[in-house]
Amino acid sequence: VGTLTSGLINGQTISSAASYTGTVSITGIATCLGKLNVNGNITLGDGTTDEHTVNGKMLTSTSQPGFLVYNATNQNTISSGQKVGFDTEIYDDGTVFDAATNFNFTAPASPTTARVLLTAVVNMDTFSSATVAGINIVTSNRTYNLGSMDVTTTGVYRFTGSVIADMDAADTAHVTVSMLAGTARIIGGGATPITGHFSGRLLV
């Protein structure tokens, strides 16, 4: 229900203030000069695969790419620079994560320059020597260190962090370990509880 002062609605010309109740379908460009009051939802998109719904102060989308994965098994004797093998998907909206081979997130084709929230948690132990260790999120544009610490051969360590990364179309992102020396083990885990994980969501 609203007030219209001019234009067309479902083929009917509106030349003065009027109220309309029902569904409005617009194909093409719609311009609103001023305030648009809607009692209900505004849905943008084709109604199937590319749909965004505004309801009050909340925007929901059926096609916003995102993923959440974890490493189900241990990775033994890994060295600096190796990828963390996040091999099990909890969800993969938009089919953007390769959990079988490359353990990469791939940015969608649109938008061509995106901002993507990426978060990672990695647990490590069995260091072959006392050293400095950490984890990185590596994208096609740059590498983000999520923190490092001194480690010993007997400790268990948890590395975690996040970044809102700039990513271009078809850019990739993955997680690697970094160590000044030696090798270590990445601790995998089952679904209860999930201890190591990697997630991402396209923001804009």
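Ala 170 is found in the loop between E16 and E17, where strands (E, at least two residues) and helices (H or I, at least four) are DSSP runs numbered from the N terminus. Although Ala 170 is not a glycine, its phi is positive, at about 70°. The residue Ala 170 is exposed, with a relative accessible area of 53%; exposed denotes over 50% relative accessible area, buried under 20%, and partly exposed the range in between (1.4 Å probe, protein chains only). The structure is a predicted model, in which local features need pLDDT of at least 70 and side-chain atom pairs count only at pLDDT 80 or more, while totals for chains, interfaces and linings use all residues. Residues are numbered from 1 along each chain as its sequence is written, and side-chain values use heavy atoms, with hydrogens and water left out.

A positive phi also occurs at Phe 103, a residue other than glycine, with a value near 55°. Phe 103 is found in the loop between E11 and E12. In the loop between E12 and E13 lies Pro 111, and the peptide bond from Ser 110 to Pro 111 is cis, with omega near 0°.

Five strands form an open sheet in the order E11-E12-E17-E14-E15, with antiparallel pairing; two strands pair if DSSP finds at least two bridges between them. Strand E12 (residues 104-106) runs antiparallel to strand E17 (residues 172-179), and two bridges join them. Within this pairing, Phe 105 has Ala 173 in E17 as its bridge partner.

Three salt bridges are present in the structure, a salt bridge being a side-chain nitrogen of Lys or Arg within 4 Å of a carboxyl oxygen of Asp or Glu. Asp 93 pairs with Arg 201, and their closest N and O atoms are 3.1 Å apart. Because Asp 93 lies in strand E10 (residues 88-93) and Arg 201 in strand E19, this pair ties together parts that are 108 residues apart in sequence. Asp 93 is partly exposed at 34% relative accessibility, and Arg 201 is partly exposed at 26%.

Another salt bridge is formed by Arg 185 and Asp 125, with the closest N and O atoms 2.7 Å apart. Arg 185 belongs to strand E18 (residues 183-186) and Asp 125 to strand E13 (residues 113-125), so parts 60 residues apart in sequence are tied together. Arg 185 is partly exposed, with a relative accessible area of 24%, whereas Asp 125 is buried at 9%.

The side chains of Arg 142 and Asp 166 also meet in a salt bridge (2.8 Å, N to O). Arg 142 is partly exposed at 39% relative accessibility, and Asp 166 is partly exposed at 22%.

Leu 117, Ile 164, Leu 203 and Val 204 make a nonpolar surface patch of about 350 Å². Patches are made of residues with over 30% relative accessible area and no salt bridge, joining like charges within 9 Å and nonpolar side chains (Val, Leu, Ile, Met, Phe, Trp, Tyr) within 5 Å. Accessible areas come from the Shrake-Rupley method with a 1.4 Å probe, and for residues only the protein chains shown count as cover. Val 204 is found in the segment after strand E19 (197-202) and is exposed, with a relative accessible area of 59%.
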